[in-house]
Amino acid sequence: MARTADDSWDIATSVGATAVMVALARAAETASDDPLIRDEFAEPLVSTPELAKVRDQVAAWWAPEPDDGSAGTPDSEDSEDDFSVDAQQMIDYQAVRTHFFDAYFAGAVAAGIRQVVLLAAGLDSRAYRLAWPAGTTVYEIDLPKVLEYKEQTLAGHNATPVADRRPVPVDLRHDWPKALRDKGFDATQPTAWLAEGLLPFLPAAAQEAMFAAIDSLSGPGSRVAVEMFGVDEDKRQEAEEKWARLRERRAARGEDTSFNPFELWFDDEGRPEPADWFTARGWSAQTVSSHDEAARLGRPPQSTERPFANRFVTATKG
Ligand SMILES: C[S@@+](CC[C@H](N)C(=O)[O-])C[C@H]1O[C@@H](n2cnc3c(N)ncnc32)[C@H](O)[C@@H]1O
């Protein structure tokens with residue numbers, strides 16, 4: 001699972017499988033009694049036979065530890081080791097983040113923006129499900145096989161995009177601005193950009209190059225939205241130790257421990273805070289903590305026991 005500088009994947013492997021994981025969460029939220037968001041394309045996208053193994057891997061990653069009676073007892077070391085990912089927390093978080101960025105796009109089109117770029121689109125179905133005004137173009141950047149899978153699967157369900165959807169199959173570590181322009185992107189027009197579920201999967205240098213490209217390709221009035229993964233390094237260290245112990249236990253029980261999105265993150269240093277980066281280049285930025293947003297929407301926030309405190313950053317070019 002370890003990353004290399006020029007690795008590649010399809011929808012069922014490596015970083016591709018993380019797109020399946022978040023779409024599984026959107027499908028579960030959509031099917032729930034009182035959903036915050038409705039993504040009716042998520043379920044067909046995650047239900048194909050070729051994703052059977054990924055579904056099992058994600059289910060194993062999300063599975064609670066069996067209650068053997070020892071967990072939670074005061075002297076039990078096991079209680080310390082219970083670091084299974086809580087599926088409902090994951091679903092709640094994905095619902096909150098999808099809701100936030102859906103609203104971001106509603107604001108962008110209300111302001112007259114008709115050019116949209118989904119950076120690392122994965123199984124994002126916004127081109128098919130949001131109420132885009134006539135004349136809106138949605139560019140979707142991701143690796144070729146990921147985009148092909150989405151397009152073919154949705155075509156098999158007779159789904160048609162609401163906007164003029166233009167896939168841009170390219171690696172964001174390569175010359176993606178050229179690939180985007182080749183598909184008709186117009187840098188003189190205002191654009192709404194989104195980097196959702198992406199930053200830790202890019203090396204720091206590629207993240208900075210991506211921010212610089214967004215800035216230079218953005219006409220006045222452009223907007224950008226970024227999901228920032230705030231990590232408390234002390235808590236992360238502790239979490240990784242707990243996860244390693246849990247993984248040993250699961251492997252000993254013969255369970256599948258092959259899926260772990262955090263192992264796919266680039267941990268290199270030198271990542272600027274997106275709000276500061278864009279502000280320094282004349283954009284006006286706002287940051288919303290995902291905890292506050294969850295509270296506003298009546299959803300439980302990410303647990304403070306976990307090492308993450310994600311933020312949603314939006315900025316407008318002056
Ligand atoms: C967690 S998924 C998020 C997908 C989508 N944004 C969403 O929220 O549903 C991560 C996505 O990033 C894409 N990705 C990661 N690194 C990439 C790169 N270097 N170039 C293009 N796509 C990349 C993966 O293929 C995958 O679809």
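Me: Which way do β1 and β4 pair, parallel or antiparallel?
Reply: They pair in the parallel sense, over five bridges. β4 covers residues 191–195, and keep in mind that this is a predicted model.

Me: Ok, and which residue in β4 is the bridge partner of valine 117?
Reply: That's tryptophan 193.

Me: What about β2, how many bridges join it to β1?
Reply: Five bridges, and those two strands run parallel. β2 spans residues 137–142.

Me: Is β1 itself mostly buried or exposed?
Reply: Buried. Five of the five residues in β1, which runs over 115–119, are buried, so the strand is largely enclosed by the rest of the structure.

Me: Which way do its side chains point?
Reply: Gln115, Val117 and Leu119 point one way, while Val116 and Leu118 point the other way. Residues on both sides are buried. In a regular strand, side chains alternate between the two faces of the sheet.

Me: Switching to helices. Which residues of α3 are buried?
Reply: In α3, residues 52–62, the buried ones are Val54, Gln57, Val58, Ala60, Trp61 and Trp62.

Me: And what do they pack against?
Reply: Three other helices: α1 (14–31), α5 (87–110) and α10 (233–252).

Me: How many helices and strands are there in the protein?
Reply: Twelve helices and seven strands.

Me: Zooming out, how does the radius of gyration fit with a compact globule?
Reply: It agrees: a compact globule of 318 residues would come out near 20 Å, and the protein has 20 Å. The C-alpha atoms fill a box of roughly 65 × 45 × 40 Å along the principal axes.

Me: How much of the protein is buried?
Reply: Buried residues make up 53% of the 318. As for contacts with a separation of 6 or more, 77% of them come from residues 24 or more positions apart.

Me: Last topic, pockets. How much space lies in the largest one?
Reply: About 380 Å³.

Me: Which residues lie nearest its centre?
Reply: Phe229, Val231, Glu233, Asp268 and Arg271, out of 17 residues that line the largest pocket.

Me: And how does that lining divide into nonpolar, polar and charged?
Reply: Seven are nonpolar, three polar and seven charged.

How values were computed. Residues are numbered from 1 along each chain as its sequence is written. This is a predicted model: local features need pLDDT of at least 70, side-chain atom pairs count only at pLDDT 80 or more; totals for chains, interfaces and linings use all residues. Side-chain values use heavy atoms; hydrogens and water are left out. On a 1 Å grid over the protein atoms alone, a cavity is a set of points where a 1.4 Å probe fits but cannot get out, and a pocket is an open set with protein on both sides within 12 Å along at least five of seven lines; lining residues have an atom within 4 Å of a point. Grid points are joined across faces, edges and corners, and a volume is the space filled by probe spheres set on the points. Ala, Val, Leu, Ile, Met, Phe, Trp, Tyr, Cys and Pro count as nonpolar, Asp, Glu, Lys and Arg as charged, and the others, Gly among them, as polar. Buried means under 20% relative accessible area, exposed over 50%, partly exposed in between (1.4 Å probe, protein chains only). Helices (H or I, at least four residues) and strands (E, at least two) are DSSP runs, numbered from the N terminus. Two strands pair if DSSP finds at least two bridges between them. The radius of gyration is taken over C-alpha atoms; the globule rule is 2.2 Å times the number of residues to the power 0.38. Contact means heavy atoms within 4.5 Å.
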